[in-house]
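Hello,

Here is the structure I promised to hand over. Please have a look, then read my notes below.

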Amino acid sequence: MDRRSFVQLDARARAMALFDEGCCRELLGPSCGMGSPWLARQGITPQADDGCVVMKGRIAAQTAVVMALDGSFLGGSVGEVSGMKMTAALDLACADNQRGIPTSAVLLLESGGARLSEANLGMEAVAEILASMLALRRHAPVISVVAGPTGCFGGMSLAAALSSYLVLTRQARLGLSGPRVIEQESGVEELDASDRSLIQAIFGGEQRHAMGLADALVEDDTEQVAGAVRRLLASGLPRVHRSSQVTAYRGRLAALDGLRLWEPAALRVLWNEAAGGEESA
Amino acid sequence: MSEYAGTRGPVWFRALTGHAAPLRGDPASVLTADAPLGGEKARFLCVVRDPQGRYPCARDGQVGLEEAYALAARVREAVAEDRDGIKRPIVAIVDVKSQAYGRREEMAAIHLAAACAVDAYDEARVSAHPVIALVVGHALSGGFVSHGLLANRVLALDDAGVMIHAMHPQAAARIMHTSVESLERASRSIAPLSYDIGEYAKLGLLHRLLQVEEPENPSAAAVQGVKEELAAAVREARQGPLDLSDRWLSPQARQSRSAALMVRAALAAQWAEPESGR
């Protein structure tokens, strides 16, 4: 099999790889020179796309917008400019749907969440992205992909959880707080961030998928990632979004009360046994 | 920069609702009550400390798994009950230390629990419930995103014990490989980094800053004043947009977030061009 790694592509190439051949264009690309106004005065060199690539075009002949966070720029963090690129693109897609032009969205999330060097505007950007995702997903599917190597943490882990569908690779990591942050805040006895196999067993794509928290688990292969996105876009909106199934997930959490040893494999079994089928809206 | 005390949430919840105990089925760390506000019934929610909580990393005023699901369930309950009637105001009283930073939390997918709370608050707002956040103490990181930041209107007490921020200074300094002192220095000249509530207000994200004497132990008159401010915010929310656009269109945001506004305008201009033909 001729495989082309998705993880080794940069954010722009990842976004482009999802579209039908020759059917996309970048919006607010680097030539527009819209970097963050907050970084230079902190001694950080801004990037002309602020670490967020927005492309619009056709996926399986349907209009879609793709937003790719660049994990190599400040950890894919969301700042004032990159955050508003996402919020505005989601809002424009939502407005198009309301006008009868079906437009879906795909988010490529390689991100540590809110950008600490823009702190409160980063946190605000996260809230606005989440609200705009929720607005769009009433009309059209919003799909998130976490491929690696950065992973998806902080506010963007909420974006992954709010998505209509989530695609993960095996090497993807997904969680609210990253291992290093947990070790810093709660101590190494809470979580040893250097224990790579434990970290993978907790945050890794395979575990998240096995717990029903993702809709597709794919290899690091560009065609597999793009194929999963096309397939999920074609399936339309889910009957009930995962993040609206409060009673079901609260019930699963309650089932863990009896778990003496919190170990990933045991948790997976108990969690899935507690699944009571999906809720109605 | 104030240390988290965790005492203000219960004080203000009791002052505004007359209640102090959790509802049946909820963890002791989530207080919910329906109480009068401006001549109608409003739902108040607050996350508080619970030193006996089941999850050790969520005992000190953090939003953990149980807290996020309880908030989501109680907000959705109000939305369901009011589906065909008057949409009652929902008031999030905010004094949260952070999200819960724990191994069990991550194993049981706290990112989904937090997303459920965000989804619920958003659902309430777009269903035309006036959703008001009242920040009486700390409002930090994932804790605030899950409980308060998706509101139509964010109000905060104008007091040194109030802090709204993406991350508490000690953690931010460790992650950014710098000292709390140099972070404080930078935050004095760069508004979005500031830990000061007055500087936060300049970003244009707050609806109102409220002057209150002794916020640790407010007088009956102070509580009445805050109730009137909440009722006014409810009235304005009912007249305003259901999305968060006030937070980039406010006069102060037009100054502080000029880059974001340029992005919105430029993206809209490029959006409609045809895709094909290249």
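**A helix in chain B**

Helix α1 (residues 8–17) of chain B is largely enclosed by the rest of the structure, because seven of its ten residues are buried. Keep in mind that this is a predicted model. The buried residues of α1(B) are B:R8, B:G9, B:V11, B:W12, B:F13, B:L16 and B:T17. Among the elements covering them are β1 (30–37), β2 (40–47), β4 (90–96), β6 (131–140) and α9 (220–239), again of chain B. Just after α1(B) comes B:G18, with a positive phi of about 80°.

**Where the chains meet**

The contact involves 62 residues of chain B and 70 residues of chain A. On the side of chain B that touches chain A, at least two residues each come from α2 (65–81), α3 (103–107), α4 (110–126), α5 (141–146), β8 (163–165), α6 (169–175) and α12 (258–271) of chain B. That side of chain B has 42 nonpolar, seven polar and 13 charged residues.

**Backbone points in chain A**

A:D50 sits in the loop between β1 (24–27) and β2 (52–59) of chain A. It counts as buried because it has 30 C-beta neighbours inside 10 Å. A:L74 is in the loop between β3 (62–69) and α2 (80–98) of chain A. A:L74 is buried too, with 23 other C-beta atoms within 10 Å.

There is also a cis peptide bond, from A:G148 to A:P149, with omega near 5°. A:P149 belongs to the loop between β5 (142–146) and α4 (155–162) of chain A.

Best wishes

Key
Residues numbered from 1 in each chain as written. Chains lettered and ligands numbered in written order. Predicted model: local features only at pLDDT ≥ 70, side-chain atom pairs only at ≥ 80, totals over all residues. Contact = placed C-beta atoms within 7 Å. Helix = DSSP H or I, 4+ residues; strand = E, 2+ residues; numbered from the N terminus. Nonpolar A, V, L, I, M, F, W, Y, C, P; charged D, E, K, R; others polar. Buried ≥ 20, exposed ≤ 12 C-beta atoms within 10 Å, placed from the backbone.
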